[in-house]
Amino acid sequence: MTTPALPQTEYEPPRRSWYKRNEIAITPWLFLLPAILFFMVYVIIPIFQSFTVSTVAWDGLGEKEFVGLDNYRELLDDPAFWTSLRNNLIWLLLYLLAIPAGLFIALFLNQTVTGIRIYKSLFFFPFVISQVVVGLVFSWFYDPTFGLLNAILGFVGLGPINVLGDPTYVTYGIIAAGLWPQTAYCMILYLTGLNAVDPEQVEAARLDGAKGWKMLWYVIVPQLKPATFIAFVVTIVGALRSFDLISIMTNGGPFGESRVLSFYMFEVALSEYGFRMGYGAAIAVVLFLIMLCFIAYFLYSMYKEEKGH
Amino acid sequence: MFPKPIEKSSRNVQIGYQALLPVALIFWLLPLIAVALFSIKPAADFTTGDYWNLPSVFGGFENYGKVFFDSDMPRYLLNSILITVPTAIGAVALSCMAGFALGIYQFKANLWLFFLFVAGNFVPFQILMVPVRDLTLDLGLYNTKTGLVLFHIAFQTGFCTLFMRNFIKGLPFPLIEAARVEGVAEWKIFVYVVLPLMKPAIAALLVLIFTFIWNDYFWAVVLTQGAESQPVTAGITSFNAQYRAAYHLMSAGAVVAALPPVAMFFMMQKHFIAGLTLGAVK
């Protein structure tokens, strides 16, 4: 392979085994073998299998019946699919708010007063608890009879609203719940990023009269680029993975208005709709293709970074 | 250095800031504080419609006692531990090796393999759902903890390898060259030279994977059912069905389910944050 052949010298002991001679070339593959095996079987191959499944009608147990692109054709006429797709776009857009919100909180907390470490960890708290618990907590928070939200609204004289029971508000209500831990995540990324900001540049900019927003936008934010990139990646992935919150808070309702593709796929393939694996796989493929655009962008950025070094 | 250090501001601004911090924190954690409050209120408070006052009597012992002694909760917690710990160890072991291979050796497929792990780590779960469920059924591992663990190990290997490879790339390469010149076998370089240096990365990943897997819900629902193998995230829904509208008990259950990763985070904060920032933001 690419190992440079060592010039054979007479001092070389002649009985070096084949493995010894090729050690540098073989070792990485031996070390990679278990990881590749697991990853192939459980991640890479299933992706391709899902593409195949999306062209059959199958209840998960009986015979698979090849139907070509029928599943995809059905998607086009399925209003629930379009609702889910629309909600996915809303999720993607609104979830990005976690990035500026996280930056804002990070800036607020980036001081050195006594006890600030505790404050930082407590602000990060929501990210550590599971989305299931976040979902429960927020559905009680929104509860029309005793929820804290309506207690507060009532206090300032506004009528009770049933956020999770109202088709117009429901998706936004769930996104707000999701933004809570996501903002905490972005905050911690920026807090670490702010540690690395070059104090000399800040000082120089200050001497030049930069302050406030100008300083933030032209001096600080460019230096936070690595943190912003990671925040962007994890936020996009998080938005497209939204499943737990919807499942816990509304189960897709009311009237299916809070579904997103990841939830609708699960519903079609594994719940009340009966086991329509093929149709579910078709939805998953659409979701995958959306994600693939972002994955391509992430990898392209990483590739440029790698070549830069 | 940005924003301007508060100690350079006037005394009033400093006091204002110090006062604002706890207020902001309480506002930020309000939903959680509400649940914590609910979990120590006695049932009587709810029947009289008193939701928001302090508990009339401390009901914490009774509520948490019910959760621990009168429900499947301990079973679910144990399942969570039996799923989470082997996954964390397995994924970290696999990725230490894979990260070593990708971080130290130069060969043609290196970057491609690395990108394969990274890309796989980002795919939506749903594209894997049908085939993985099918595979688990075929292996006879449906509704077992092993089935769940095997999948989690495989999937987390993507993220862990990304992390480990970048970490190993940052190690001083001359160290490895020196060992090679000494004629140390490659696997011994891994065990005696690289592995000891990877301790911080290993700690970071163990904590992080523990939290990720503890909080997993989707795969728990897809690959298991029933109390004998479901983790606490999935179990809490049946718990809630059992105690429908008993908000004091559901709150106590939620607190119990959330606690282990929280404890983990507070104990291992430094490692946790190093892991989350992918080691990329220093």
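This is a predicted model: local features need pLDDT of at least 70, side-chain atom pairs count only at pLDDT 80 or more; totals for chains, interfaces and linings use all residues.
Local features need pLDDT of at least 70, side-chain atom pairs count only at pLDDT 80 or more, and totals for chains, interfaces and linings use all residues. Residues are numbered from 1 along each chain as its sequence is written, chains are lettered from A and ligands numbered from 1 in the order written, and side-chain values use heavy atoms, with hydrogens and water left out.

**View 1. Where chain A meets chain B.** Going by contact (heavy atoms within 4.5 Å), 108 residues of chain A and 104 residues of chain B take part.

**View 2. The salt bridge between the chains.** The count between chain A and chain B is one salt bridge, meaning a side-chain nitrogen of Lys or Arg within 4 Å of a carboxyl oxygen of Asp or Glu. Glu306(A) pairs up with Arg165(B), and their closest N and O atoms sit 2.9 Å apart. On the chain A side, the residues touching chain B split into 80 nonpolar, 18 polar and ten charged.

View 3. Take a disulfide as a pair of cysteine sulfur atoms within 2.5 Å, and the count over all chains is zero. Cys96(B) is in none, with the nearest cysteine sulfur, on Cys160(B), 8.8 Å away.

Terms used: Ala, Val, Leu, Ile, Met, Phe, Trp, Tyr, Cys and Pro count as nonpolar, Asp, Glu, Lys and Arg as charged, and the others, Gly among them, as polar.
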